[in-house]
Amino acid sequence: MCRLRQPHDQLDGKAWNPATLAWPLAAHRLTARAVPLGGHQANTLPMTATQSTHRGRARIAEPGEGIGLDELALATRNHGMPLEALRYDVTPPGLHYVLTHYDIPAVDPATWSLEVGGAVARPLRLTLDALRSRPAVTSRVLLECAGNGRARYEPRPVSQPWLLEAVGTAEWTGTPLAPLLEEAGPADAAVDVAFTGADHGVERGVEQDYARGLPLAEAVRPEVMLVWGMNGMPLPPQHGAPLRLLVPGWYGMAHVKWLTRIEVLDHPFDGYQNTTAYRLKVDSADAGEPVTRIAPRALLTPPGWPDFMTRERFLRPGPVTLTGRAWSGRAPIQGVEVSTDGGATWSPAEVAPADPAHPWAWRAWTFPWTAEPGSWELVARATDAEGSQPTEQVWNRQGMANNLVQRVPVTVLE
Ligand SMILES: Nc1nc2c(c(=O)[nH]1)N[C@H]1C(S)=C(S)[C@@H](COP(=O)(O)O)O[C@H]1N2
Ligand SMILES: [Mo]
């Protein structure tokens, strides 16, 4: 676990200086060099290698190590949805969570176009106007980052330190992807579709445009859309303007923002975000399992009022209706249970019936509680057709898909 200050942390033969938290100056000149691209990748991902920085390495926090400045820098860029916003069916503009690996790219919608190519009979190039003249649909879809819950892991994978706020539900407007792919005519041998964004960065020494592959069978599902509108407004820059992919039911990483290119592949996509990032594994040497659909989760709208500094919560005694939302991207929600005694006993909550108009949105739930003076720990747990949320952590080294139950300690006053 101790991968800090190891001999391999050398760059150009010079050591990282732990006293100044810096590399010797010369080492800051990062050399981007093209790596020969093997065959099929040449058209998919213009990947090069950038010298990895000491702090750019993946690592697990040391025991007792607090959130560091690098994590704070990520947390201030990538904001969560304040949990009181669970009250809205549709998350209001600006309250939806945001996660951006690199920088929000500068994209001029006037000159922007989308390329559809690869293993297709008829490659396409579409302007925004051409896309917007296609049949438009609006769909209410929940998005959740695969890293939601990461900061609560023990030990903590060092990355964007989400607590539980990396979630939101918006009304997305766009056009279904399947007919477009159909027009391009995927080859019989097509297996995956690669989606590339206009944003560029480096992760663990691999310089890349953000790109994700999706199995063709998933890409042609009717709910998968190319999206230019959010909550009745043009898609904002931070959410992927002018166009993003929407893959309802899948964790956030699949919903590629600032989309520029769709490439049908006759071989499995082997880009960084599928083969290295977004893997469920405990050992770094393991290949791991890919992160795909959203595991079930219930969140409680924290009741009462918070302490400014600690976010500890207080309530007055008496009847109170606990409320929240529940969702799953893999199977319908079957129920939500609530515990007010830290998980010792559970009772079913009332879950709003599934709304056929919004199959990909979260569902509201309520639970009547008579708050008596004292200290209580409120816990909510969702169950879908494949199982319930764990009450003990199930750890993986990237901190992905951690749907450990939420615990909300409250103090009920006299
Ligand atoms: N091009 C691009 N698309 C991206 C990302 C990114 O960094 N670049 N981040 C992904 C991740 S990890 C998540 S969780 C969602 C977040 O979408 P939002 O910021 O609109 O909530 O976008 C996904 N799409
Ligand atoms: Mo994410």
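Analyst: Questions and answers on the labels follow.

This is a predicted model, in which local features need pLDDT of at least 70, side-chain atom pairs count only at pLDDT 80 or more, and totals for chains, interfaces and linings use all residues. Residues are numbered from 1 along each chain as its sequence is written, while chains are lettered from A and ligands numbered from 1 in the order in which they are written.

User: What makes threonine 111 exposed?

Analyst: Threonine 111 has 8 other C-beta atoms within 10 Å, so the label exposed applies. Threonine 111 is in the loop between α1 (69-77) and β5 (113-118). Leucine 128 is 17 residues from threonine 111 in sequence and 9.0 Å from it in space, C-alpha to C-alpha.

User: How much of the chain counts as buried?

Analyst: Of its 414 residues, 39% do.

User: What makes a group of residues a nonpolar core?

Analyst: The members must be buried Ala, Val, Leu, Ile, Met, Phe, Trp, Tyr or Cys residues, joined through C-beta atoms within 7 Å. The largest such core here has 85 residues, and Phe195, Tyr251, Ala326 and Val336 touch the most other members. At least three residues come from each of domain 2 (38-285) and domain 3 (297-412); these bounds come from an automatic or database domain assignment. In soluble globular proteins, nonpolar side chains tend to be buried together.

User: Which residues does tyrosine 251 touch?

Analyst: Contact requires C-beta atoms, placed from the backbone, within 7 Å. Leaving out residues up to four places away in sequence, tyrosine 251 touches Glu144, Cys145, Ala146, Val291, Ile294 and Ala401.

User: How many helices and strands does the chain have?

Analyst: The chain has 5 helices and 27 strands. Both are DSSP runs numbered from the N terminus: helices are H or I with at least four residues, strands are E with at least two.

User: How do you know that β17 and β20 pair?

Analyst: Pairing needs at least two bridges found by DSSP. Strand β17 (residues 297-300) and strand β20 (residues 318-327) share 4 bridges and run antiparallel, so they qualify. One bridge partner pair is arginine 297 and tryptophan 327. β20 also has 9 bridges to strand β24 (residues 363-371), again antiparallel. There, alanine 326 partners arginine 363, and glycine 324 partners tryptophan 365.

User: What makes β17 and β23 edge strands?

Analyst: The open sheet has 4 strands in the order β17-β20-β24-β23, with antiparallel pairing. β17 and β23 (350-351) each pair on one side only.

User: Which strands pair with β27, and in what sense?

Analyst: Strand β19 (residues 313-315) joins β27 by 3 bridges and runs parallel to it. Leucine 315 has valine 412 as its partner. Strand β25 (residues 374-384) pairs with β27 in the antiparallel sense over 7 bridges, with tryptophan 376 opposite valine 410.

Note on methods:
A residue is buried if 20 or more other C-beta atoms lie within 10 Å of its own, exposed if 12 or fewer, and partly exposed in between; C-beta atoms are placed from the backbone. Two residues are in contact if their C-beta atoms, placed from the backbone, lie within 7 Å.
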